[in-house]
Amino acid sequence: MEKNKSLEAEMPVFEDALSELLRTGARGLIMQAVQAEMDAFIANYQDLKMPDDRQVVVRNGYLPEREVMTGIGPVAIRMPKSRDRSS
């Protein structure tokens, strides 16, 4: 199967101080949004308890860092993980 070359267009990555500042800001905003989403997800299950009164769904570290493509170039982020301890 042939790859669609139009979807693999290379975006220029700028390496100046302003672009790096923008990428750092974008990384912070993305991380805040992801953290807020994880907090809301965990809050949905806060009433589920195990027999020993521990929460069933909990945070469980982070996935490996990966790059997300933004309008200002790739931004490295770490996605939080959750764990269902009921099984």
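**View 1. Aspartate 52 and arginine 54 are joined by a salt bridge.** The closest N and O atoms of this pair are 2.9 Å apart, where a salt bridge is a side-chain nitrogen of Lys or Arg within 4 Å of a carboxyl oxygen of Asp or Glu. Please keep in mind that this is a predicted model, in which local features need pLDDT of at least 70 and side-chain atom pairs count only at pLDDT 80 or more, while totals for chains, interfaces and linings use all residues. Residues are numbered from 1 along each chain as its sequence is written, and side-chain values use heavy atoms, with hydrogens and water left out. Aspartate 52 has a relative accessible area of 47%, so it counts as partly exposed. Arginine 54, at 38%, is partly exposed too. For these labels, buried means under 20% relative accessible area, exposed means over 50%, and partly exposed lies in between (1.4 Å probe, protein chains only). A search of the whole structure finds 3 salt bridges, and the other views will bring you back to this kind of contact.

**View 2. Aspartate 53 has a positive phi.** Its phi is about 70°, although this residue is not a glycine. Most residues other than glycine have a negative phi. You will find aspartate 53 in the loop between H1 and strand E1 (57–62); helices (H or I, at least four residues) and strands (E, at least two) are DSSP runs, numbered from the N terminus. Aspartate 53 counts as exposed because its relative accessible area is 58%.

**View 3. Arginine 27 and glutamate 65 form a salt bridge.** The closest N and O atoms of the two residues are 3.2 Å apart. This pair links distant parts of the chain, 38 residues apart: arginine 27 sits in helix H1, and glutamate 65 in the loop between E1 and strand E2 (66–70). Arginine 27 is partly exposed, with a relative accessible area of 33%. Glutamate 65 is partly exposed as well, at 49%.

**View 4. Arginine 78 has contacts that include methionine 31.** Arginine 78 lies in the loop between strand E3 (73–77) and strand E4 (80–84). Although 47 residues separate arginine 78 from methionine 31 in sequence, their C-alpha atoms are 7.6 Å apart in space. Leaving aside neighbours within four places in sequence, arginine 78 is in contact (heavy atoms within 4.5 Å) with Met31, Tyr62, Leu63 and Glu65. Arginine 78 counts as partly exposed because its relative accessibility is 36%.

**View 5. E2 and E3 form a hairpin.** There are 2 residues between the strands. They pair in the antiparallel sense over 5 bridges; two strands pair if DSSP finds at least two bridges between them. To find your bearings, look for arginine 66, which stands opposite isoleucine 77 in E3.

**View 6. Met38, Ile42, Met50, Val56 and Val57 make up the largest nonpolar core.** A nonpolar core is a set of buried Ala, Val, Leu, Ile, Met, Phe, Trp, Tyr and Cys residues joined through side-chain atoms within 4.5 Å. In soluble globular proteins, nonpolar side chains tend to be buried together. Which residues does valine 57 contact, leaving aside its neighbours within four places in sequence? They are Phe41, Ile42, Tyr45 and Arg83.

**View 7. Leu18, Leu21 and Leu22 form a nonpolar patch on the surface.** Together they have about 310 Å² of accessible area, computed by the Shrake-Rupley method with a 1.4 Å probe; for residues, only the protein chains shown count as cover. Patches are made of residues with over 30% relative accessible area and no salt bridge, like charges being joined within 9 Å and nonpolar side chains (Val, Leu, Ile, Met, Phe, Trp, Tyr) within 5 Å. Leucine 22 belongs to helix H1 (residues 17–44). At 44% relative accessibility, leucine 22 is partly exposed.
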